[in-house]
Amino acid sequence: MPKPAVLVAEELSPAGIALLEEDFEVRSTDGADRSRLLPALADVDALIVRSATRVDAEALAAAPKLKVVARAGVGLDNVDVEAATKAGVLVVNAPTSNIISAAEQAINLLLASARNTAPAHQALVNGEWKRSKYTGVELYDKTVGIVGLGRIGVLVAQRLSAFGARLIAYDPFVQPARAAQMGVEVVGLDELLERSDFITVHLPKNKDTLGLIGEEALRRVKPTVRVINAARGGIVDEAALYRALKEGRVAGAGIDVFAKEPCTDSPLFEFENVVVAPHLGASTHEAQEKAGTQVARSVKLALSGEFVPDAVNVQGGAVAEDVKPGLPLAEKLGRIFTAVAGGIASRIDVEVRGEIAAHDVKVVELAALKGVFGGVVEEAVTYVNAPLLAKERGVEVNLVTSDDSSDWRNVIAVRGILADGQRVSVSGTLTGPRQSEKLVELNGYGMEIALSEHMAFLSYEDRPGIVGIVGALLGDAGVNIAGMQVSRDAEGGKALITLTVDSAIPAETLEAISTEIRAESTRQVDLV
């Protein structure tokens, strides 16, 4: 079988290339040149870009085999995520690859602005010794306003605390108690603008943040304030900042990003008290190495149909840490559901109950669907195409959540109705410090048994001697029982044996067991 093809359209770190070459055919092209990019997309499975390659509907249409687009960096301004989602293409980035580099660049610009480093350097290399002209200010006992207390904002706060600065932050999505643990006071934006001696911006660029630090905001600040933007161009309105600097309403600025890039000519360049850089936030060897290896790993996961933590079009955001352990469990429950059902359901309900239901658990539904369809369709099932497979097969899918879970801290269940009206259900949970996967219900029978690679389910009329028969036949076949649990609805009623075994049960042995115990149904599933 030929290896999947990965097209690298822009420079990628050698470590990232090496990881890809372990499993894939790696090709390269100039992604900025459409005449070269579009033909190169014709038969590739994955595309890796940085910021110069435009991945739009035209590019996606030229790539009928494409399964994943990976951006070796943080932003996705050059990728049409909506078009990719419609095409069933996973989009991933490397959201943590440059966070340390970006935080350090913000600190770098802040210090350079505070101490007039750039103009003092230029004067000195021009033969001028101007100590008095370039007297700066300390950070100690100053108030630094952090606009956006996300991953980078937190790193900036941690580093600034060592300078003895007072830290305040504006972020409507951060709980004050969490910020207080880091020594940061959460305030409104207006209060931050009015109190800060330094303002550093760490927000994503969107319709709500574009121009946030603009004319109105810059009329609220102290005339001694210095404004730092190492996040995204356009969050700080460059025209408004120019006017504020010109009128003496802002003392200085440090700018790493611009509304239009590359930017080689800006009115801001005329000020000695503005230090600028050509978007160097992620330009460290370490960040480039991390970006390359992170997207390489994501491409590997995506092309093997596994969950990709850095996917941006799976369920709309990062997966909560409390939810992640439930994803493999949900997928296994989906596989058990299909094995027990013996076919595709007309309706499937994925239920998430307990504490984790407080989070966004849409990805749990996707994991369950991946398991449901994993063994019954020819193509590889992924988190992106699983809903499409359900839709194509006329399967109605619903996600049900509730914080009520009477027996277990958290429970994930897959319930469905088959075309003939038969109902099938399977439920599981995670227990203990190691988050061990347990099966706790199957078709209404309660149990508590660890999931394993090889499992079997035998339903029959409850009567003595059945366990001995099953054990003997498995022993004759050389199949070792790892675990067994008998559940029943009533004494002498219906019963279910759930088995975990060390190896798959041969078909003839399973048939012999079914005959000997007069089983109503026998099902085996391999969760390998």
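Helix α4, residues 81–86, holds both Lys86 and Glu82, which sit 4 residues apart, or about one turn of the helix. The two side chains pair up in a salt bridge, with 3.6 Å between the closest N and O atoms. Keep in mind that this is a predicted model. As for solvent, Lys86 is exposed at 67% relative accessibility, and Glu82 is exposed too, with 55%.

Another spot worth a look is around Arg219. Its partner Glu215 comes within 3.0 Å, taking the closest N and O atoms, and Glu215 is partly exposed, at 25% relative accessible area. Arg219 also meets the side chain of Glu247 in a salt bridge, this time at 4.0 Å from N to O. Glu247 is in the loop between α11 (238–246) and β11, while Arg219 is in the loop between α10 (215–218) and β10 (226–229), so this contact ties together parts that are 28 residues apart in sequence. Through shared partners, salt bridges join Glu215, Arg219, Arg243, Glu247 and Arg249 into one network. Glu247 itself is partly exposed, with a relative accessible area of 48%.

Here are the salt bridges described so far, side by side.

| Pair | N to O distance |
|---|---|
| Lys86 and Glu82 | 3.6 Å |
| Arg219 and Glu215 | 3.0 Å |
| Glu247 and Arg219 | 4.0 Å |

Now for the backbone. Where is Asp141, with its positive phi? Asp141 is in the loop between α6 (117–125) and β6 (143–147), and its phi is near 65 degrees, a positive value in a residue other than glycine. Its relative accessible area is 44%, so Asp141 counts as partly exposed. His279 also has a positive phi without being glycine, near 55 degrees. You'll find His279 in the loop between β12 and α12 (285–303), partly exposed at 30% relative accessibility.

There's a cis peptide bond to check as well: the one from Glu261 to Pro262, with omega near 0 degrees. Pro262 falls in the loop between β11 (252–255) and β12 (274–276).

Finally, the annotation. An unreviewed UniProt entry lists residues 455–528 as "domain: ACT". In the model, that span is 28% helix and 39% strand, and its end C-alpha atoms lie 10 Å apart.

Methods:
Residues are numbered from 1 along each chain as its sequence is written. This is a predicted model: local features need pLDDT of at least 70, side-chain atom pairs count only at pLDDT 80 or more; totals for chains, interfaces and linings use all residues. Side-chain values use heavy atoms; hydrogens and water are left out. Helices (H or I, at least four residues) and strands (E, at least two) are DSSP runs, numbered from the N terminus. Buried means under 20% relative accessible area, exposed over 50%, partly exposed in between (1.4 Å probe, protein chains only). UniProt positions are given in the numbering used here, feature names are shortened, and annotations may be inferred rather than shown by experiment.
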